[in-house]
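Colleague: I would like to learn how to read the features of a model like this one. Please take me through them one at a time.

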Amino acid sequence: MNVSRAEDGGCRRALPWQPVPAFSRKLRTLAGAAGLAMLAGSLSVVPLAAQDQAVQDRPEGPISLFPPTVVAPDAPEGPEGAVGQTQPPGGTTGGAAVPGAVEAAPETPRYEGIEVDRLQELDTESLGILEAASGGLGLDAWAGSERAFVEALIRALPDDPASPTLRALTTRLLLSNARAPGSAGSGPGGGATAGAPTLADALAGSVQGDGLQGDRLQGGFLRLRAERLYAMGELAGLNRLLSIVPQRAEDSWLAQARVDGLLLAGRDQEACSQVRGAVTRFPGQSYWGKALVFCQLLAEQRDQAFLALDLLREEDPDGDPVFYALSNLFIGGTVAPPAAEDLTPLTFAMLRLGGGTPPEGLADAVAPLLLHGIAALETAAPADRAGAVERLVQAAVLPGSALAEAYDAVAAEASDPTDPLVRAEALGGVRGRALLVHAAGRETLAQTKAEYLQAALQAAERDGRGFAMARAVQPQLEQLAPAVELAWFAGTAARSLYRTGGFERSGAWAAVLRADGARNPESQAAFEALAPLARLAGGSDPIRFGDAAAASRSGERLLTALLLSRALGQDEARWPGITQGADTADQPLERLASLLALGDAAAAGRPGEVVLLTSRALGAGPPVESHPLALAYAVSALRSIGLGGDARALALEAALDAGL
């Protein structure tokens with residue numbers, strides 16, 4: 001089924017907004033504000049290489065470019081082509097606008113228990129742990145994509161992206177069991193058809209200065225994906241992927257990454273079984289000598305370990321001062337806490353095994369992968385462990401239940417008879433948030449529980465941890481019955497539930513506001529403020545604008561919501577503020593070439609490329625910081641290739657972060 005088309009009376013009709021999948025050579029050189037201005041006035045340009053079906057379904061009259069609803073080829077019905085999923089039907093609650101059937105909100109990937117037929121059809125470079133039925137993007141995720149272009153985009157992915165939605169989607173792509181892209185013109189997995197101009201050329205020209213272009217990376221496509229997973233801190237997926245790599249395909253980096261991952265997961269014996277074989281396979285590399293020392297200390301072979309340490313010091317006395325210092329822990333010595341930037345998975349394992357004390361504030365300073373080790377380090381302060389877990393939950397790497405447990409450990413350490421609201425405000429940061437969540441969990445009175453939850457959710461929003469907090473308190477919100485007496489809390493509860501995909505429950509809280517709004521203007525205003533979120537969640541009521549709102553900051557947020565709604569394929573009545581002269585989308589559109597290439601990839605049905613270009617177009621920061629048109633373009637492109645749940649989650653994430 002083509003997700004970008006609607007059925008009307010048995011006949012297919014194209015939705016009113018479709019971008020042109022390819023433009024003229026002149027247009028491909030455009031970038032920045034000048035390019036945007038020309039694009040805005042070029043709504044009826046005839047494409048050079050439009051898809052046949054898109055041409056047949058093209059509506060009469062000019063084709064509007066922004067925000068797009070990209071028409072992609074129909075996806076195969078088998079599991080290889082089915083990259084999107086739908087949520088089981090649900091109904092509206094209390095009259096709130098909740099869809100009868102909407103795309104499922106993406107969840108934290110689960111890797112354990114997945115069986116992969118390693119080499120039946122795929123070469124080693126194509127190995128992955130996620131099939132289409134378990135969240136992968138299908139065997140043909142890279143079909144039609146040029147390898148050098150894909151490699152450059154993967155290498156440019158941010159180490160610590162701010163968007164949990166984009167991070168989770170990118171992780172699923174990198175872990176997918178999919179045929180590796182080939183070279184240009186090589187058929188499936190290859191490049192575009194020779195002679196057919198695409199806007200990928202424009203992107204290639206625009207990113208040369210970023211160092212994005214270059215020779216193919218050493219180690220092949222498997223290693224490239226593993227390097228990104230390592231940098232992003234996707235420990236469970238990385239360990240699962242590397243566990244199925246045959247030894248003949250391992251280079252020293254892949255073998256080291258496998259050991260690092262096992263050490264951070266606390267699987268020391270498994271790590272050491274890998275080390276003993278790698279020492280002979282990769283002689284002369286200092287990492288393996290140091291790893292062997294760790295394994296000898298683990299096995300209480302101290303004589304051999306200290307002899308090996310002496311040899312390492314002789315060969316390279318200044319090679320790793322932190323490692324040498326931490327070895328003193330095993331002879332009863334004391335070691336000053338190492339600096340966060342000096343810690344590696346191996347030195348972290350030395351610190352853990354030797355019972356050393358890590359520096360305070362470590363959770364805010366280390367690379368994402370080390371957060372897993374901190375979260376389980378017994379000698380770390382409970383607040384530091386909770387801070388590490390909080391970052392991992394915010395990144396959609398760990399489930400919310402892990403954060404709730406970490407919060408409980410922080411609160412148990414600091415028992416105080418002071419009112420939790422007063423105490424939490426004084427503490428601030430992760431300690432204050434932990435105290436509020438813990439207090440809410442122990443409270444039986446609904447009014448008081450709601451007070452604690454509201455304070456925790458609002459504090460987390462201010463500190464950029466709104467998604468993590470929403471996941472941590474979701475069970476408590478589901479236990480709290482929506483009631484008119486809690487109307488003051490209903491808006492906060494609904495917003496939190498929208499973050500986690502609890503659309504039906506959020507509709508119940510919206511119904512509380514509507515019921516109380518008849519006598520309370522504040523509740524009515526809060527209900528109207530939730531309306532754009534309900535629409536983005538699949539509700540039936542169009543987004544409404546007042547004349548005053550169109551020229552205000554509120555109007556700018558509503559315009560963003562309207563753009564996102566149109567990108568999700570929903571029919572909105574009109575553009576606001578035209579007659580009042582309130583044009584809020586007049587800023588230069590950054591990464592224009594990325595968006596144009598994204599349109600090409602979506603129109604051609606290249607899902608892997610679409611995901612990478614979406615990340616490229618929106619950048620490493622929160623999606624709400626991107627231009628509203630860029631957001632709409634990205635949402636539309638994801639939806640067009642069958643990733644409707646991810647598209648809706650991204651739209652809601654941006655809308656919530658914008659203050660809607």
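Colleague: Does D318 count as buried or exposed?

Modeller: First, the ground rules. This is a predicted model, so local features need pLDDT of at least 70, side-chain atom pairs count only at pLDDT 80 or more, and totals for chains, interfaces and linings use all residues. Residues are numbered from 1 along each chain as its sequence is written, and side-chain values use heavy atoms, with hydrogens and water left out. Now the term: buried means under 20% relative accessible area, exposed over 50%, and partly exposed in between (1.4 Å probe, protein chains only). D318 has 65% relative accessibility, so D318 counts as exposed.

Colleague: Where is the place of D318?

Modeller: Elements are DSSP runs, numbered from the N terminus: helices are H or I with at least four residues, strands are E with at least two. D318 sits in the loop between α11 (302-315) and α12 (321-326).

Colleague: How many salt bridges does a search of the whole structure find?

Modeller: Side chains of opposite charge can pair when their charged atoms come close. The cut-off: a side-chain nitrogen of Lys or Arg within 4 Å of a carboxyl oxygen of Asp or Glu. The search finds 24. One of them joins R228 and D159 at 2.8 Å, N to O. That pair links distant parts of the chain, 69 residues apart: R228 is in helix α6 (residues 220-232), D159 in the loop between α3 (147-155) and α4 (164-174). R228 is buried at 12% relative accessibility. D159 is partly exposed at 38%.

Colleague: Which residues are linked in a network of salt bridges?

Modeller: D160, R167, E234 and R391. E250 and R258 also meet in a salt bridge, at 3.7 Å, N to O. Both E250 and R258 are buried.

Colleague: What does R606 meet in a salt bridge?

Modeller: E609, at 3.0 Å, N to O. R606 is buried at 10% relative accessibility. E609 is buried at 2%.

Colleague: How many residues of α27 are buried?

Modeller: 12 of its 12, so to read it plainly, α27 is mostly covered. Among them are P607, E609 and L618. For length, the expected span is 1.5 Å times one less than the number of residues. The 12 residues of α27 (residues 607-618) should span 16 Å; the end C-alpha atoms are 17 Å apart, which agrees. Just after α27, G619 takes a positive phi of about 80 degrees.

Colleague: Which residue other than glycine has a phi near 60 degrees, and is it buried or exposed?

Modeller: A396 has that positive value. A396 lies in the loop between α15 (382-394) and α16 (400-413). At 8% relative accessibility, A396 is buried. E300, not a glycine either, has a positive phi of about 60 degrees. Its place is the loop between α10 (286-298) and α11. At 66% relative accessibility, E300 is exposed.
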